[in-house]
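Dear colleague,

Please find below the structure I promised to hand over, followed by some notes on what was found in it.

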Amino acid sequence: MSFDSSFLETFFGLYNDWIVVALMMCGFFIVIADGNLIKKVVGLTLFQTSVFILYISMAKILGASAPIAAEGIESYSNPLPHVLILTAIVVSISTTAVALALIIRIKKAYHTVEEDEIQRWDVRIHRSDKRAKVR
Amino acid sequence: MLSGIYGLLSATLFVVLDAVDVAFTEAAVGAGISTLLMLTTLSITGRYEIQRPKIQSQIALVLTTITGALLIYGTLDMPYFGSTDSPANAHVADYYLSNALGQTGVPNFVTAVLASYRGYDTFGELVVIFTAGVSVLALLGTVSDKTMSDDHQPMHQHLILRVTSKMLIPVIMVFGLYVQFHGDFGPGGGFQAGVIFAAAIILYCMLFGLGVAKEVISLGMVRFCAALGVLLYGAVGVVSMLKGEAFLNYSVLASDALVGQHIGIIVIELGVGITVAAVMISVFFTFTGSAEEDDSAFDASSPSDATESNSKQVSQ
Amino acid sequence: MFTAAIIAILVTMVLALTRAILGPSLYDRILAVNMFGTKTVLGIAVVGFLMGRPDFLDIALIYALMNFIGVIAILRFFEYDPRGTTNHDR
Amino acid sequence: MIIDAISWFCLMLGCFFCFSGGVGILRFPDFFTRMHAASVTDSLGAILILVGLMFQAGLTLVTVKLAFILLFLLLTGPASSHAMAKAALHSGHKPMNSNTSDDAAKNSASGGDVSNP
């Protein structure tokens, strides 16, 4: 019985972290299991989002309100993680844009966005390079 | 896959809702711009995908499960959700919460911390965004200037959509300005306003074609604005240095410290807004430009890059 | 009462999400996502009232905007494709 | 008091419409009926819920913002529904357009989110 209640307490104390872990692992799974480069980028954004949620849930204080000063409100949530994540979101979209631009370039050069096909191309080009040098 | 992105991000917004400013940014960036960029890329690369052997994903699944279990084991030591005395809430946050209103005169704590206390940090982020915009231009920008003069209007079938959007675009822009300058008092600020402003232009570009949109706001001007915003931010810092204080200390900008803070925050938020909007617009223009160039290449049935890569394999 | 409204909206969102995942055609999914977005807007508005701080309405407004732009973007990029089909490779 | 009652009535009715729309989008057999369910209840539910909230807020800036949201939803909702219906009609009326059976098979293999008439 006591074990049960302590487990429940842990669960309600930490469920935000567990959600973050689940999301993060979804993103991680997509990144390592999928060969499609766009899907990898989607996985990365998922991963990033889970980190955002981690920070924001850390900043939350139960019973507190959004950090904008107003009359009659005593306690506010912690504004510092909000600031960090606000800028991080905009930076993440910029980096995502760069990644997507790279993918477009890859598509134009290789005519595919699948990782193993790209590697096959690379290997083939490398071999033909070697052959040319031997000659 | 398409809606997956969208639905997930909107769900994120709900989770994040206790942080107003962050929710705002996430709504504008995560649900809006990032989906747009993904869609553009997807329309260029095509939705083709090969099936992979099952075993590979099973290995990945095992790996992620192990990592996840380890992480959950690690969370057992974390402070409980919403607790007041957790380390994250203990140190500098109290200082901000009790002093920000008196020192900066800005009721929105997030804006106060973002623009005033952590001004260096935000400047760095802004430079990162600018750099990202520059590198996208460096990667794809060379191709997009050729397709300036196409009268290819992608959605001319949708008359109702076009009329509605024409009505909405000015409203969106005014809303963007409101968010920009109301950021001191409510949720909002330069980052969000920049994204909203960019969204209005992007909407126009999607409905009326890239050529028309470029006549409204030319690529050169967008590039100029991207640099202008960063310079504006830096200039505020330099001016405060010239007045004998530290870099980005706004208190010396006017005779009264509070007024100085106010001026400084408004100007740097403006700089942030201009740069973010310009970078987003230029990224979208570049992406769409390379998509349309792709189209015209295929229309002419002489895909130049295809022959190029063919020649690569033949010649070697 | 606000709680009841939120629960109703959440249930509707779940239903829409189910359709978005099941959805046999692309358009079903777009429709469901659009509906999900509208419900999110309403949900944010109601949550703002529930928490006693209706400052959140700006977020609802921008969410409505982004929803619209998203739907247009999907239609724009996957409907009248000049090449006829999006996956012409191979 | 009366205003409160009206507001609750509007909210509950709006929730009912939302919910019925949700059931409709899940249960109806094909795309156009689903679209009917979704878009009609979307507009009606949004109007009722937002008007209910407006009664709660009284005459403040909040009401103005709510009115803006309402205006926005009323403009964009039908417009995007119309565009969607039109797009679906276009791709539905030419059953094999741009989708040779070969392509369609590939699509359904790659994720199955292309209509396969």
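How many helices and how many strands does chain B have? Chain B has 12 helices and zero strands, where helices (H or I, at least four residues) and strands (E, at least two) are DSSP runs numbered from the N terminus.

This is a predicted model, in which local features need pLDDT of at least 70 and side-chain atom pairs count only at pLDDT 80 or more, while totals for chains, interfaces and linings use all residues. Residues are numbered from 1 along each chain as its sequence is written, and chains are lettered from A and ligands numbered from 1 in the order in which they are written.

Of the 316 residues in chain B, 49% are buried, a residue being buried if 20 or more other C-beta atoms, placed from the backbone, lie within 10 Å of its own. Helix 3 of chain B, however, is hardly covered, with one buried residue among its 22, and its first and last C-alpha atoms are 31 Å apart, close to the 32 Å expected at 1.5 Å a residue (1.5 Å times one less than the number of residues). In chain A, helix 4 (residues 115-134) lies largely in the open, because the number buried among its 20 residues is zero.

As for the contact between the chains, 73 residues come from chain B and 67 residues from chain A, two residues being in contact if their C-beta atoms, placed from the backbone, lie within 7 Å. Helix 2 of chain B gives the most to the side of chain B that touches chain A, with 14 residues.

Best regards

Key
Buried ≥ 20, exposed ≤ 12 C-beta atoms within 10 Å, placed from the backbone.
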